[in-house]
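I opened the notebook to look up ring contacts.

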Amino acid sequence: MTSINEQQVPVASPVIGEAEIDAVVQVLRSGNVVQGPEVAAFEERFSALVDGRICVAVNSGTSALHLLLLALGIGRGDEVVVPSFSFAASANAVRLTGADVVFADIEPDGFGLDPAAVEAAITPRTAAIMPVHLYGHPAAMDRLASIAELRGLAVVEDACQAHTAALHGKPVGAFGAGGAFSFYPTKNMHALEGGMVTTADPELARTVRLLRNQGMEQRYANEIVGANMRMTDVSAAVGRVQLGRLAAWTERRRANAAYLDDRITAPAVTVPPVAEGARHVYHQYTVRIRGDRDAAMARLTGAGIGNAVYYPTPIHRLKPYWEPDQKAGRTWDLPETDKAADEVVSLPVHPSLTEGDLERVVTAVNALGENP
């Protein structure tokens, strides 16, 4: 058990420092607080992370996915192939357009969409594929992009957990028709809250800008039906500060992950896989635990090690999806998804960890042995 002199090693540790606070105060004093110069500067600076693609800032990662799908013309009558092993926002963004979600399984040796499963899921109604770069590891974009090109489908990247992740040197968010990032406080960088759409298509970017701002570029000259999904300058100011630290934080995450990889030896625990050519940025350091996962998590918590399951219930088993599928007589055979949901546990990997924290994580995990 944790001694009274030891604090728990947290599984996540959002950073809000004096630089972020000072940046916010400057915005508040300026009076330009919504969709102003800070947002434009944040968009321009973020572009460097995605091979110079056009960036459009919005109020959340979910909004980024939703508006990107709408801008691509996806809606009622269409299908989008999505992994069920993800946060519900991935599928929710599709449902909000009126399109149908088609779930595909993940790869047995990873957590991303299985290209073979995606190919099997495509129907005449399929309009897009949505790979999710889960936990900060890039999906199999080379194979998925080939499938999409052959079938004439859009690729919409859910990169909400994967800032600066890459595959064969190409950053996520620069593969498909568009990508979406999140700046929620627990992400690798944050903006208090917010999201970013990335695309190489100027017309698609313009449509997203219209959609985020009531359908208008010029005030009161509404061109289409839109919504209010703008980013505030307060959020953008925080995001700009965090962007300046992202590279160092990411290398710290990767170094922490390497430390854990090298030292975790418990037979019941499998460390996160990394595909050939992939740059994993470890939004989460997610292991698999064979045996009694609940008991293992309780032992880790007792040892003062924060831990969590992302995600315990696959999306296709959540009520908003399960009940309509049951009524329609639709079932999903996703064995690798169900297996992952039963086995995964995320451990601390964030850049605020000390070497002592990492040692405590390793000691507690290795104490699980062969049969947690």
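I counted aromatic pairs and got 12 in the structure. Rings of Phe, Tyr and Trp (its six-membered ring) pair if their centres lie within 6.5 Å; planes under 30 degrees apart are stacked, over 60 edge-to-face, the rest tilted. This is a predicted model: local features need pLDDT of at least 70, side-chain atom pairs count only at pLDDT 80 or more, and totals for chains, interfaces and linings use all residues. Residues are numbered from 1 along each chain as its sequence is written, and side-chain values use heavy atoms, with hydrogens and water left out.

I looked up Phe111 and Tyr135. They pair edge-to-face, at 5.1 Å centre to centre and 85° between the planes. Phe111 sits in the loop between strand 3 (100–104) and helix 5 (115–121), and Tyr135 in the loop between strand 4 (126–129) and helix 6 (141–151), so the pair ties together parts 24 residues apart in sequence. Helices (H or I, at least four residues) and strands (E, at least two) are DSSP runs, numbered from the N terminus.

Next I checked charges over rings (NZ of Lys or CZ of Arg within 6 Å of the ring centre and within 35 degrees of the ring normal). Lys170 lies over the face of Phe175, 4.9 Å from the ring centre. Arg263 lies over Tyr259, at 3.7 Å.
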